[in-house]
Amino acid sequence: MSSVAAYYTGKTVLVTGATGFMGKVLVEKLLRSSPDVAAIFILARPKAGQSMHERVKDILNCKLFDRVRESQPDFQDKIIPIRAELTQPNLAISPEDMQKLLACVNIVFHCAATVRFDEPLKHALQLNVTGTQQLLAVARQMQKLEAFIHISTAYANCNQIGRA
């Protein structure tokens, strides 16, 4: 067993942005590389006519999770969707769900963000800044928190030769 797998053994993880590209890949990697992770809470919201549960089910049924499905047929039992909206006060998490998160989460991966270049600034700030601040406020209350990992963006604009 690798040291990474050993670290995640018995741990409870919270992932925001699990319905996005980076979040999906992260959840799959955690499940595949750390088969003894206790649980993965996924914050999600209804979107485009799909319920939160439908969105999470669609993600877990996609081809990306084929390898995990082969080695851990019941891996979906470890996934616990939590209805949330990062742009709302207290993340719009129910009191019951909030108590679960505060009592047992060990690691938070914050991958939720808008990466649209044409997003209205107000909405981008609400999600990328205010949402992050609110999640940090919740994380500070987590009794078993060991790590908070913030994935800030999937893009970079580097200087290139011949360009200003």
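## Aromatic pairs

Let's start with a tyrosine: Tyr 8 is buried, at a relative accessible area of 11% (buried means under 20% relative accessible area, exposed over 50%, partly exposed in between, using a 1.4 Å probe and protein chains only). The model is a predicted one, in which local features need pLDDT of at least 70 and side-chain atom pairs count only at pLDDT 80 or more, while totals for chains, interfaces and linings use all residues. Residues are numbered from 1 along each chain as its sequence is written, and side-chain values use heavy atoms, with hydrogens and water left out.

How many aromatic pairs does a search of the whole structure find? There are two, where rings of Phe, Tyr and Trp (its six-membered ring) pair if their centres lie within 6.5 Å, and planes under 30 degrees apart count as stacked, over 60 as edge-to-face and the rest as tilted. Tyr 8 pairs with Tyr 7 in an edge-to-face arrangement, at 5.1 Å centre to centre and 85° between the planes. Tyr 7 itself is partly exposed, with 33% relative accessibility. The rings of Phe 65 and Phe 75 are stacked, because their planes stand at 5° with the centres 5.7 Å apart. This pair links distant parts of the chain, ten residues apart: Phe 65 is in the loop between helix H3 (52-60) and helix H4 (66-71), and Phe 75 is in the loop between H4 and strand E3 (79-83). Both Phe 65 and Phe 75 are buried.

## Salt bridges

The whole structure holds six salt bridges, each a side-chain nitrogen of Lys or Arg within 4 Å of a carboxyl oxygen of Asp or Glu. One of them joins the side chains of Glu 28 and Arg 32 at 2.7 Å, N to O. These two residues both lie in helix H2, four residues apart, about one turn of the helix. Glu 28 is buried at 4% relative accessible area, whereas Arg 32 is partly exposed at 27%.

Glu 85 and Arg 45 also meet in a salt bridge, at 3.7 Å, N to O. Glu 85 lies in the loop between E3 and H5 and Arg 45 in the loop between strand E2 (39-44) and H3, so the pair ties together parts 40 residues apart in sequence. Another bridge, between Asp 66 and Lys 63, spans 3.7 Å, N to O. Salt bridges that share partners join Lys 63, Asp 66 and Arg 69 into one network.

## Overall build and surface

The protein has six helices and five strands, where helices (H or I, at least four residues) and strands (E, at least two) are DSSP runs numbered from the N terminus. Along the sequence, they follow the pattern α-β-α-β-α-α-β-α-β-α-β. Of its 164 residues, 39% count as buried.

Asp 97, in helix H5 (residues 95-104), is buried at 17% relative accessible area. Leaving out residues up to four places away in sequence, Asp 97 touches Ile 82 and Arg 83 (contact means heavy atoms within 4.5 Å).
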